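Open the model in your viewer and keep the selection tool at hand. The stops below go from single side chains out to the whole chain.

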Amino acid sequence: MSDVKKQLDLQTIEFIIMIYAKNHYLILVTFFFTFVCGANAGTVDELTARLDSLIDNVAEIYGKKQSRIEFYKSILDKDSKQESQLNACKQLYEEYYVYQFDSAMVYVDKAIELADKMGDRLHHDKCTIAKASLLAIGGLYGEAVDILDNIDSATLDKSLHFDYAITFYFVYTYWADYCHDNFYSPRYRLRAASYLKHAVALLKPTDYFYDFFWGEYYIYVERNDKLALEHYFRTLQTAPVESRWYAMASFAIANNYSANNDNEKYEEYILRACISDLLSCTRENLAMQDLAMFLFKKGDHNILRAERYINFAMDDAKNYNNRLRIIEISQKLPIIVSTYREKLSTQNNSMRFALWAISLLFIFVVVLLYFYGRQNKLLARHRHELSESNTLLSSLNSKQASLNERLIDTNRRRERLAKLYIDLCAKYIDRLSKFEIFVKRKIKVGQVSDLLNTASSSQLSEEDATTFMNSFDTAFLDLYPSFVTEFNALLKDGEQIVLPHKGRLNTKLRIYALIRLGVKDSSEIAALLFYTPRTIYNYRSEMKNCARCRDTFEADVEQLCTVIH
């Protein structure tokens, strides 16, 4: 038998190496969570994040367990020795025990059958007790009690006395939880306490579950929470995080804190229990549904997580085929789901309202942008128009300033013309006054003949004409300084007039200067320039022949110097 066990252990080592090679990533992740959780370093938020991460990766965790199951199945199929098959069936039972009820039942029955064939009473009783424990988990409490009652405790091997008593404890504990009434439940709990009291007396300090069951004893028999917690915490220190003992101890600690209204600690340790259940692939669990109910009662902001956890717990219960857990969850699930649906409906209504509000706001923004763009275009156009108006105004101001300067200059010229006119009049008045005195004196002395000679002399008329012409030239050129230049522009090339003296006009220019001033009749021009009308006519005809455009020449002259420079 020892050789068979040794062979199985060697095969197990080979299997572990194979699993590591194929699933090294998952093992590293599991080791990480084991180390962190085992170090007790983690706040509620961190534990929640770990739990959610494990739920997200549960397929990988279950895949690792399935690989172990396939390994033991391969041993069962390949090794024909009954001892090897019995050990393989026991290993498969342990793997399926809290993972899948029906499969665990198949392999425990097969193990009992093999033990009977081998005539191995020890393994027959051990597997029968294991079957009773499995039936209790599956909710078949009466059947479990019947199987245990059929075992002759008097002839039972001493190594199985603890298993026998503790299985009765679990059966009656589960049955009491199932009844959950005021009649049967207390009776079953008393029986469970009695078997627990008997079981702990059989414990050895070297047993790896020693502290856990002593914790159970102080909780359910002695009712001493302090001592119970001490033993549970010792279990956490010695048991691996991925073991079922760690999960059950964490769950017991959480319930202890809950009974003492320490919700903060309760949440921490119920989370640890859930994490350990996931790492140990325990589908037969109570921690996840209790965590869901705790979050549900904690507040609406946790309803989404509560709904996720209760559904996960229900999936586990269905996959395991645990009647008790399915009934428990079925009582809790509708409350959480209905609240979740209400919250979802409220959120949907809020989202619809927000969508309508956003749509209206979007329409408003679009309209606002349209009018904003339109106003910007109008503003840009108005700015452009204003800029053009400013430019035009600046131009007009410049022109006005120029016109003002010209007007001021024209006024100065008029002042000079007025002064010239006054000077000319004063001069002629003075001459007339002197001539009058001269006439009187000649008449008084009887020199009438000298007076007649003086009056008939041409010297006086020529002097007066010269004075008049000079004054006219000065006044006209001062008023129209560009006249000569513009006049020459009307003449053919080579016919331009060149002034002999600057500031003095010749006869031809004086004739057309008078035409520019509006004196058109030749006789009037002749009288002013002291010529005969015939002479004036000849001058005019001569200049027309020199003009670029003979027909419009005099009319063109009238338009000269329109702008005074």
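Does F101 count as buried or exposed? Select F101: its relative accessibility is 5%, so F101 counts as buried. Buried means under 20% relative accessible area, exposed over 50%, and partly exposed in between, with a 1.4 Å probe and protein chains only.

Two notes before moving on. This is a predicted model, in which local features need pLDDT of at least 70 and side-chain atom pairs count only at pLDDT 80 or more, while totals for chains, interfaces and linings use all residues. Residues are numbered from 1 along each chain as its sequence is written, and side-chain values use heavy atoms, with hydrogens and water left out.

**Aromatic rings**

Rings of Phe, Tyr and Trp (its six-membered ring) pair if their centres lie within 6.5 Å; planes under 30 degrees apart are stacked, over 60 edge-to-face, the rest tilted. The count by this rule is 46 aromatic pairs. F101 and Y320 pair edge-to-face, with 6.2 Å centre to centre and 70 degrees between the planes. This pair links distant parts of the chain: F101 belongs to helix 6 (residues 101-118) and Y320 to helix 16 (residues 303-320), 219 residues apart. Helices are DSSP runs of H or I, at least four residues, and strands are runs of E, at least two, numbered from the N terminus. Y320 has 0% relative accessibility, so Y320 also counts as buried.

Next, select Y141, Y164, F168, Y172, W175, Y178, F183, Y184, Y188 and Y195. Ring pairs link these residues into a cluster.

**Charges over rings**

Go to K65, which lies over the face of Y99 at 5.5 Å from the ring centre. The rule: NZ of Lys or CZ of Arg within 6 Å of the ring centre and within 35 degrees of the ring normal. Then show R272, over the face of Y269 at 5.7 Å from the ring centre.

**A loop residue**

Select V241, in the loop between helix 12 (225-238) and helix 13 (244-259). V241 has 3% relative accessibility and therefore counts as buried. Its C-alpha is 8.9 Å from that of D277, 36 residues apart along the chain.

**Whole chain**

Zoom out. The protein has 24 helices and zero strands. Of its 565 residues, 41% are buried. Among contacts (heavy atoms within 4.5 Å) between residues at least 6 apart in sequence, 64% join residues at least 24 apart.
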